[in-house]
Amino acid sequence: MSVEIPVIDLKSVKKYYSRLNEKNEVSVLRGIDLSVYKGESIAVTGPSGSGKSTLLNIMGTLDKPTSGEVFLLEQELGTLTDDEISLLRNRKIGFIFQESHMLPQCTAIENVLLPTIPFPEKSGNDYEKKAQDLLDYVGLGDRIDHYPYELSGGELMRLAVVRALINDPVILLADEPTGSLDNES
Ligand SMILES: Nc1ncnc2c1ncn2[C@@H]1O[C@H](COP(=O)(O)OP(=O)(O)OP(=O)(O)O)[C@@H](O)[C@H]1O
Ligand SMILES: [Mg+2]
């Protein structure tokens, strides 16, 4: 019997935000243990302000825990350099933010292609074809040359999904990605 190793493994992850006055320290995550295995889909639910985005940002290497360990693909983030973490994030993780975070000066397809810039091994044409196919798939095939300000909230969200998928991530993290979508989307 093979023992499966989690893709994401959190051990006693705590996050405090300290304020100038120590009494006002905000304790957001109070010791999270969570293992996510290959192929699993997990939803984290809770009221506004309960720490969902904080947890997701820590899993996505965008924020660091106050204490505890975060393993992504068997590597403990505390043992990696900033460059190694950036590479891991760019290669292995797709992140759909609560706000779409598109670059306003780039068109829809340019925003989708941004995460591919560090990876010249595939030719630009392959990425463009893939971006076009994914944009078609989410119903944005006729919006590729539009700028973010020309898109609706739900269209921006679908664009963010495509951008998160362009590098074939091993881990896909999505922060309330369905808020502005209709049921079918
Ligand atoms: N930089 C900060 N300094 C102090 N407190 C913070 C900071 N960032 C977030 N918080 C607090 O941490 C708590 C968790 O915030 P978080 O954004 O993770 O919540 P959430 O569950 O994603 O909420 P929502 O559903 O509204 O998106 C909130 O009470 C927030 O006020
Ligand atoms: Mg949130």
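A residue is called buried here when its relative accessible area is under 20%, exposed when that area is over 50%, and partly exposed in between (1.4 Å probe, protein chains only). The model is a predicted one, so local features need pLDDT of at least 70 and side-chain atom pairs count only at pLDDT 80 or more, while totals for chains, interfaces and linings use all residues. Residues are numbered from 1 along each chain as its sequence is written, chains are lettered from A and ligands numbered from 1 in the order in which they are written, and side-chain values use heavy atoms, with hydrogens and water left out.

Buried in α5 are Gly154, Glu155, Leu156, Met157, Leu159, Ala160, Val162, Arg163 and Ala164.

Next comes strand β5. Ile93 and Phe95 point one way from β5, Gly94 and Ile96 point the other way, and all are buried. Strand β5 runs parallel to β6 (residues 171-174), and four bridges join them; strands count as paired if DSSP finds at least two bridges between them. Within β6, Leu172 is the bridge partner of Gly94.

As for aromatic contacts, rings of Phe, Tyr and Trp (its six-membered ring) pair if their centres lie within 6.5 Å, with planes under 30 degrees apart counted as stacked, over 60 as edge-to-face and the rest as tilted. Two aromatic pairs turn up by this rule. Phe95 and Phe97 are stacked because their ring centres are 4.5 Å apart and their planes lie at 25 degrees. Phe95 is buried at 10% relative accessibility, whereas Phe97, at 22%, is partly exposed. Tyr147 and Tyr149 have ring centres 6.5 Å apart and planes at 15 degrees, so this pair is stacked too. Tyr147 is partly exposed at 31%, and Tyr149 is exposed at 68%.

Ser53 (OG) and Gln98 (OE1) coordinate the magnesium ion (ligand 2) at 2.0 to 2.4 Å. The two residues link distant parts of the chain, 45 residues apart: Ser53 sits in helix α1 (residues 52-59) and Gln98 in the loop between β5 (93-96) and α3 (108-113). Donors are N, O and S atoms within 2.8 Å of the metal (3.2 Å for Na, K and Ca), and water is not among the atoms, so sites may look incomplete. Ser53 is partly exposed at 23%, as is Gln98 at 39%.
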